[in-house]
Amino acid sequence: MLGFSLQSPTYMYLFKKITDLRRYLDLQKQAGKTIGFVPTMGALHAGHAALIRQSVSETNCTVCSIFVNPTQFNEAADLAKYPRTPEKDIDLLLQAGCTVLFMPDVSEVYPEGQLAPLKLDFGYLDQPMEGTHRPGHFAGVAQVVKRLLDIVQPDQLFMGQKDYQQFAIVQQMLALTKLPVRLTMCTTVRETDGLAMSSRNQRLSSEQRALAPLIFQTLREAKANMHTEWPEALKKAARKALSVEGMEPEYFEIVDGKTLLPVDIFEDHETVVACTAVRLGDVRLIDNLVMKT
Ligand code: AMP
């Protein structure tokens, strides 16, 4: 158990082993408590804190996991460079009112090197955007979220809109596996200049950080012009706007909010989302904006 500190208004349990976590959570369940779960890869920021707070307000016991999942990284360098800030993370979680931090080693999550992916058919959901640019990424995401759900057995799962396609994949995974978990989407938390908070932001140089708000500006511009321009023209304009020195767009797509199929005519779709990924040097950032609900 982690004790009080000057900044920390409360306490939190830290488990590294599944058996210890389960022993604690079984007692909570027996006492009639509902369990909320927020899976993360650490290097926590205010976006993660918002997820924790939402879980704290809607459930009796909030579990956050910090696990940098090797199976969802398609570039070894990206995995190696992923920021790790455990002490800061613990402080943030205490401040946000988290009850349990689960921080397993890779061998605990994937015993004896069992890294076999889940064989699930996501239809078109894992094909476009991140699916095209990060082959194997969603197989890894589905695998680790399923594994963590089997371990934590929460009533409610909280995930960010920031990773819109990931949310759609997890939603589909829950439907296919019939896991009795309620999935809640939490709105994207942004810096004051609009940049979506991300653990990767801390790897930006000051020049890159100054450029990065262009991502959200471009998404907003597309939304502002949706009543006068076709999606195709908006995408073209957005890709051009993001192609500035030091920044390279990987994709800018306007898709159906449920199927993720490309949108040709706004009126044909109930929900529409603009999604983008850009590279600033070796840092890759993603963001999205709901254009129509
Ligand atoms: P990560 O640690 O990046 O895997 O993210 C863990 C969870 O936090 C995911 O559900 C993300 O969608 C969510 N998240 C990340 N950044 C933000 C943000 N800026 N606002 C809201 N949620 C976020």
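A residue is called buried when its relative accessible area is under 20% and exposed when that area is over 50%. Keep this in mind as you move through what is a predicted model.

Begin by selecting helix H1, residues 18-30, and look along its length.

Next, colour Ile18, Leu21, Arg22, Tyr24, Leu25 and Gln28, which are the buried residues of H1. If you turn the view so that you look down the axis of H1, these buried residues fall within an arc of 165°, so they line one face of the helix. An α-helix has 3.6 residues a turn, and therefore residues three or four places apart point the same way. Now select Thr19, Arg23, Leu27 and Gln30, which lie on the other side of H1 and are exposed.

Move on to the ligand and display the 16 residues that surround it, among which Met41, Gly160, Asp163, Val189 and Met197 are the closest. A backbone N or O atom of Met41 lies 2.9 Å from an oxygen atom of the ligand, and a backbone N or O atom of Gly160 also lies 2.9 Å from a ligand oxygen atom. For Met197, a backbone N or O atom lies 2.9 Å from a nitrogen atom of the ligand. Taken alone the ligand exposes 480 Å², of which the protein buries 92%.

Finally, select strand E2 (35-40), helix H2 (46-58) and strand E5 (156-160), each of which supplies at least two residues of the shell around the ligand. The largest share, 3 residues, comes from H2.

Definitions and conventions:
Residues numbered from 1 in each chain as written. Predicted model: local features only at pLDDT ≥ 70, side-chain atom pairs only at ≥ 80, totals over all residues. Heavy atoms only, no water. Near = heavy atom within 4 Å. Polar contact = N/O pair within 3.5 Å; in protein donor to acceptor, adjacent residues only side chain to side chain. Areas by Shrake-Rupley, 256 points an atom, 1.4 Å probe, with all protein chains shown as cover. Helix = DSSP H or I, 4+ residues; strand = E, 2+ residues; numbered from the N terminus. Expected span 1.5 Å × (residues − 1). Buried < 20%, exposed > 50% of the residue type's maximum accessible area, 1.4 Å probe, protein only. Arc of directions from axis to C-beta.
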